[in-house]
Amino acid sequence: PLGVNAFRNHNREIGYKLDEFQKGEHIIANELRVRGPAYFIALADKLDALGRELVAFCQETATKMYVSAEMICADIENVMSKARAYSPALALVNGIEPVIENELREMIHRALADEKSREDAFQIFTTSERIDETEYELDEIRTLQMEMKAGGITSPDDPRIAPAIREHLEKWKWIFVGRSGEKDDVLAIMKDRLRKDIATQSIHDKKDAVRIETQQWLARTGIDEEYVDLVKMYVYFRTHRMNLFLQSSYYLTELLAQAAHILHMPFDLVQQMSFQEILDALKTGAMPDMQELQARIYAKSMLTQNGYLRVKAIPQDAVESAGTGDITTITGTIAHKGRVQGIVKVVESVSDLSKVERGDILVASMTIPEFVPAMERAAGFVTDEGGILCHAAIVSREMKKPCVIGTKIATKVLKDGDMVEVDADNGVVRIVT
């Protein structure tokens, strides 16, 4: 019982009231001391089971033909119930992150004297040994590339590889479409990814190497292995839990489309409605204001856990003209070391991903699983938000790309086309003139 209400804005970022979050963090810290790591590892497993149940039900809805509003309402209410049961994964993971990060850093600081060893140990202790969905998808891209090479296929346009590409997209399309419902040309994105160099290691080999290195650092530091298991579990679960929400949202597309048909409304406007608003419209004919729904597409929309939607519309020109003066250097937290130069591409939503080209620097408020294909192309990442266990930090370590997180102002200072140096050895990003 954390008493923490989650909010979501138009970029799908999750936020909390600071006082509620700090109270929840304090509760988690106390419970961790009393119950120990094993309790919180088991709690993540329990939430994982609830999340998989939500996904499975949403997959069922994607195969149904709804013949009445009553059928749609019944399944929406089921989705609401299952999503509510799974929703504690949001506050729990974000609340436990600063607790375990700070405690792990203190343990490492006591065990090791030099800063480089401390950072190296922290990097390996915060790299998961479990494989999440986006990692599996990347590894299957690698398998397809190897099959092409073995079969003498030099281009993804070759019809011989077409069936395998279709099968891959059918399995993983939810990563590309996801919560936003964006309908980018996923086939073109897929083919572009197949043209890149083949990864030298399979994901299983990478994880085996992480396990070996983890054991070496555990022996060197004497840190409690169960505590490191706890950290690694939540590094994995932080991304995995959002993947489950992402999958469930993707599979709900058909249900929402049929609701839109019955309501005689455009699909993109139904996407802006809360479940309760859809239910009210289907059951009583109480239609929301259409101008209000249209405004939500571009608004700073905040949805509380109790279901009430509060919208504050911000004119786009006001957002775009907001500046931060003549700042040319910004600082943040090191997520993965390295130094690289590249052209900035600011990504505000999934629709911006196509502009990220090889060697660019992806700049975002935060990254989410849908961003992974663009993150493959980018040379480095910079974010406004995030702790060391955030999605951008996890992916940067997996891809071994320079990443600076928690800058607070990167998306305000940096603009598309800026040439920047990402000095992730020192947590600094500089505009190169």
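## Ground rules

Residues are numbered from 1 along each chain as its sequence is written, and side-chain values use heavy atoms, with hydrogens and water left out. Because the model is predicted, local features need pLDDT of at least 70 and side-chain atom pairs count only at pLDDT 80 or more, while totals for chains, interfaces and linings use all residues.

Helices (H or I, at least four residues) and strands (E, at least two) are DSSP runs, numbered from the N terminus. Buried means under 20% relative accessible area, exposed over 50%, and partly exposed in between (1.4 Å probe, protein chains only).

Eight of them form an open sheet in the order 5-12-11-7-8-9-10-6, with mixed pairing; two strands pair if DSSP finds at least two bridges between them. At the edges are strand 5 (329-331) and strand 6 (333-336), each of which pairs on one side only. On average, neighbouring strands of this sheet are turned by 30° against each other, direction ignored. Here the axes are lines fitted to C-alpha atoms, for helices over the stretch in contact, and angles run from 0 to 180 degrees between N-to-C directions.

Strand 8 (residues 361-364) and strand 9 (residues 380-383) pair in the parallel sense over four bridges. Leucine 362 has phenylalanine 381 in strand 9 as its bridge partner.

## A helix under cover

Helix 5 (residues 115-125) is largely enclosed by the rest of the structure, because eight of its 11 residues are buried. The buried residues are Ser117, Arg118, Glu119, Ala121, Phe122, Gln123, Ile124 and Phe125.

What covers them? The cover includes helix 4 (88-111), helix 9, helix 10, strand 6 and helix 17, where contact means heavy atoms within 4.5 Å. Strand 6, one of these, is also an edge strand of the sheet.

## Salt bridges

Side chains of opposite charge can pair when their charged atoms come close. With a salt bridge taken as a side-chain nitrogen of Lys or Arg within 4 Å of a carboxyl oxygen of Asp or Glu, the count comes to 28 salt bridges. Among them is the one between glutamate 31 and arginine 35, whose closest N and O atoms are 2.5 Å apart. These two residues are four apart in helix 1 (residues 18-35), and so about one helical turn separates them. Glutamate 31 is partly exposed, at 28% relative accessible area, and arginine 35 is partly exposed at 45%.

Arginine 195 and aspartate 157 also meet in a salt bridge (3.2 Å, N to O). Arginine 195 lies in the loop between helix 8 (186-194) and helix 9 (203-221), and aspartate 157 in the loop between helix 6 (133-150) and helix 7 (162-177), so the pair ties together parts that are 38 residues apart in sequence. Arginine 195 is partly exposed with a relative accessible area of 46%, as is aspartate 157 with 47%. Elsewhere, a network of salt bridges links Glu129, Asp208, Arg211 and Lys232.

## Lysine 207 and its surroundings

Is lysine 207 buried or exposed? At 2% relative accessibility, lysine 207 counts as buried. Lysine 207 forms a salt bridge with glutamate 398, the closest N and O atoms being 2.8 Å apart. Lysine 207 lies in helix 9 and glutamate 398 in helix 17 (residues 391-399), so their pairing ties together parts that are 191 residues apart in sequence. Glutamate 398 counts as buried too, at 17% relative accessibility.

Leaving aside neighbours within four places in sequence, lysine 207 is in contact with Ser128, Glu129, Arg130, Ile131, Glu135 and Glu398. Alanine 89, in turn, is 118 residues from lysine 207 in sequence and 25 Å away in space, C-alpha to C-alpha.

## Aromatic rings

Rings of Phe, Tyr and Trp (its six-membered ring) pair if their centres lie within 6.5 Å; planes under 30 degrees apart count as stacked, over 60 as edge-to-face and the rest as tilted. By this rule there are five aromatic pairs. Tyrosine 234 and phenylalanine 237 have ring centres 6.4 Å apart and planes at 85°, so the pair is edge-to-face. Both residues lie in helix 10 (residues 225-251), three residues apart, about one turn of the helix. Tyrosine 234 and phenylalanine 237 are both buried.

Charges sit over rings as well, meaning that NZ of Lys or CZ of Arg is within 6 Å of the ring centre and within 35 degrees of the ring normal. The charged end of arginine 35 sits over the ring of tyrosine 39, 4.2 Å from its centre. Likewise, arginine 105 lies over the face of phenylalanine 122, at 3.9 Å from the ring centre; Phe122 is one of the buried residues of helix 5.
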